[in-house]
Amino acid sequence: MLSRVAERLYWSARYLERVENIARLVSVYDDLMYDLPRDIAVSWYNLVEINGGVEQFEQRYKVKDEHNVVKFMLADDTNPGSLLSSLKMVRENIRTTRDVVPGEMWELINELDLYAHHDIKQGINRSERHAYLNTIIEGCQKIIGLLTGTMDRHAGWHFIMMGRFLERADMNTRILDAANFQMLHSQEEEEVRLGQVVWSKVLKSQSAYLSFRRTMRCSITGASVVTFMLTDPCFPRSQRYCLEQIKIAAAALPRFGIIAANVDKLLQNTQGVEQSEALNQQFSEYLNEVQLGMIALHHQITENWFHFRQEDAA
């Protein structure tokens with residue numbers, strides 16, 4: 001497989017996972033605003049900070065309100081991490097690699113792209129946002145289901161799996177960091193009421209609520225949710241599971257040793273917390289280190305397999 005084809009498959013999976021994650025994040029944040037007591041203030045601007053879009057946002061918008069944040073997250077074509085921008089990149093990467101993926105995938109991506117653009121106002125306006133975002137999530141899951149059921153397990157499949165789970169692991173740490181940040185900046189008298197809602201929403205943002213209940217068999221606390229989302233070996237959106245899947249995918253490809261070694265380092269550093277009191281500024285710094293580790297892993301994947309070589313041009 002040419003390195004440029006492998007890279008496009010890897011990025012198509014990352015962008016598709018990003019589209020689903022953005023839709024999940026905005027949808028659950030929308031629910032959070034309805035469920036919180038009126039006297040507890042939570043800013044929509046947190047979504048911009050979670051996704052590292054502060055600089056781009058402040059170049060375009062002066063007011064940090066719900067409308068501008070949701071528009072920036074879903075529709076802004078100057079934001080490379082917006083839902084529509086990410087979906088555009090999925091479409092472009094698959095358009096140039098159609099011969100190595102199931103034929104129906106191109107049709108499903110076009111359908112999702114047309115719906116997302118045509119009905120984007122539903123996503124920005126609060127009244128129909130939930131239905132719009134659910135349709136986007138279902139569309140992403142339909143594409144992944146098609147790949148899972150019909151794609152050959154050749155090199156292209158493994159690059160897709162690496163991209164998918166690396167993007168998912170990155171978003172997992174960002175969601176946990178955002179929840180931890182919210183708790184750290186809450187008033188002491190708000191902390192108990194806020195924690196009950198926030199950590200429940202973290203689970204629901206990852207469709208993890210029932211799995212958490214079955215596995216942990218305890219009440220929802222910051223410590224139990226963080227431990228589950230970081231260390232559970234069986235839940236498909238936990239940090240440990242994602243890293244293990246990256247390692248499995250890499251092992252099916254040539255020159256995988258350096259990637260496996262670095263995934264092992266991340267796995268060794270993946271740990272839960274025993275008490276909610278440990279969810280402090282130090283824990284936020286730990287999550288930041290994990291994010292930097294995954295950025296480094298991405299660069300290693302790029303260096304190992306995607307850099308243009310002379311034999312590709314032959």
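Mentor: A cavity is a set of points on a 1 Å grid over the protein atoms alone where a 1.4 Å probe fits but cannot get out. Its volume is the space filled by probe spheres set on the points, which are joined across faces, edges and corners. The model here is predicted: local features need pLDDT of at least 70, side-chain atom pairs count only at pLDDT 80 or more, and totals for chains, interfaces and linings use all residues. Residues are numbered from 1 along each chain as its sequence is written, and side-chain values use heavy atoms, with hydrogens and water left out.

Trainee: How many cavities of 30 Å³ or more are there?

Mentor: There are two of 30 Å³ or more. The largest cavity holds about 210 Å³ of space. Its lining (residues with an atom within 4 Å of a point) consists of 15 residues, and Tyr-29, Leu-32, Ala-178, Ala-179 and Val-202 are the closest to the centre.

Trainee: Which elements give two or more residues to that lining?

Mentor: Helices are DSSP runs (H or I, at least four residues), strands are E runs of at least two, and both are numbered from the N terminus. In the largest cavity, helix 1 (3–35), helix 2 (46–50), helix 9 (155–184) and helix 10 (191–205) each give two or more residues.

Trainee: What is the volume of the second largest cavity, and which residues line the space?

Mentor: Its volume is about 40 Å³. The lining is made of Ser-12, Ala-13, Leu-16, Met-105, Ile-144, Leu-147 and Ile-160.

Trainee: How do I read the packing of helix 14 and helix 15?

Mentor: Take the angle between N-to-C directions, from 0 to 180 degrees, using axes fitted to C-alpha atoms over the stretch in contact. Helix 14 (residues 257–268) and helix 15 (residues 281–306) pack at about 175 degrees, with axes 10 Å apart. The two helices are therefore roughly antiparallel, a label for angles over 145 degrees.

Trainee: Which residues make the contact?

Mentor: Contact means heavy atoms within 4.5 Å. Helix 14 brings Ile-258, Ile-259, Asn-262, Val-263 and Leu-266, while those from helix 15 include Val-290, Gly-293, Met-294 and Trp-305.

Trainee: How many helices and strands does the protein chain have?

Mentor: The protein chain has 16 helices and zero strands. Along its principal axes, the C-alpha trace spans about 65 × 45 × 35 Å.

Definitions and conventions
On a 1 Å grid over the protein atoms alone, a cavity is a set of points where a 1.4 Å probe fits but cannot get out, and a pocket is an open set with protein on both sides within 12 Å along at least five of seven lines; lining residues have an atom within 4 Å of a point. Angles under 35 degrees count as roughly parallel, over 145 as roughly antiparallel, 65 to 115 as roughly perpendicular and the rest as oblique.
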